[in-house]
Amino acid sequence: MRDALNQAISIIEGALAEGGRACLTCSFQAEDVVVLHLLRQRLPKVPVMFLETGYHFPEVLAYRDQLTRDWKLNTINLQHPKPTLHPDTPAECCAQRKVEPLIAGLTGYETWFTGLRREQSPTRANLQPTEQHRFPNGLELTKISPLYDWTMDEVFAYMTVNDIPVLPLYEQGYPSIGCAPCTHKPEPGEHARAGRWGGQKLECGLHTITVKQE
Ligand code: SF4
């Protein structure tokens, strides 16, 4: 745990030393909250980008508001101005309610912190701690994932040691939490994101719409 923590701190401090405008995208799942806890010690008013899709569990919104209040966060709720699409067309709904507001929200930043981990899904197995990404509109960012090789046990251990409250939905058996209509509990032995979108897809598009620069 100590090695993993020192590594995460080193990744964060190295990224901040580059000096670009930095923000964190945060769904208030456990790994995002760990990155936020580490980041705000170094950048107290770091913009915390939350995608307000209109379909979150009430527990997620209450937890977001609780941490925003208790930690005096600079939370920014990103929202499509007039969303019209719904979860019965998940690709289009995610594009409108998540990807479009994300691109608008990230414009103006150079450094994008995330709570992504390799273990979360086969789609994230090759994640690197520092990656350069380009969006379809030309926006380029350095994407930083300080917990890229952490286990879920390490995430929860960090939260316990630091007395950080945990989103109650984990206790109800959800290992990965997104919009309520598209979040189900995986079957025993399945990876954490297997219950998202009823198995139709594993990513909403936030982390696959960009082109990774080699
Ligand atoms: S996760 Fe579901 S409800 Fe949320 S934006 Fe995507 S399709 Fe829509």
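This is a predicted model: local features need pLDDT of at least 70, side-chain atom pairs count only at pLDDT 80 or more; totals for chains, interfaces and linings use all residues.

Student: In which sense do strand E2 and E3 pair, and over how many bridges?

Tutor: Strands of a sheet pair through backbone hydrogen bonds, either parallel or antiparallel. Strands (E, at least two residues) and helices (H or I, at least four) are DSSP runs numbered from the N terminus, and two strands pair if DSSP finds at least two bridges between them. Here E2 (residues 47-51) and E3 pair in the parallel sense over 5 bridges.

Student: What is the order of the strands in the open sheet?

Tutor: The 7 strands follow the order E3-E2-E1-E4-E6-E5-E7, with mixed pairing. Strand E3 (74-78) and strand E7 (211-213) each have a single partner strand, so one side of each is left without a neighbour in the sheet.

Student: Which strands pair with E6?

Tutor: E4 and E6 (residues 140-144) run parallel, joined by 3 bridges, and Trp112 has Lys143 in E6 as its bridge partner. E5 (residues 130-134) runs antiparallel to E6, with 5 bridges; there Arg134 stands opposite Glu140. The hairpin of E5 and E6 has 5 residues between the strands, and Gly138 takes a positive phi near 100° in this hairpin.

Student: At what angle do helix H2 and helix H5 pack?

Tutor: Axes are lines fitted to C-alpha atoms, for helices over the stretch in contact, and angles run from 0 to 180 degrees between N-to-C directions. H2 (residues 30-40) and H5 (residues 152-161) pack at about 50°, with their axes 10 Å apart. The two helices are therefore oblique to each other; angles under 35 degrees count as roughly parallel, over 145 as roughly antiparallel, 65 to 115 as roughly perpendicular and the rest as oblique.

Student: Which residues make the contact of H2 and H5?

Tutor: Two residues are in contact if their C-beta atoms, placed from the backbone, lie within 7 Å. H2 contributes Ala30, Glu31 and Val34, and H5 contributes Val155, Phe156, Tyr158 and Met159.

Note on methods. Residues are numbered from 1 along each chain as its sequence is written.
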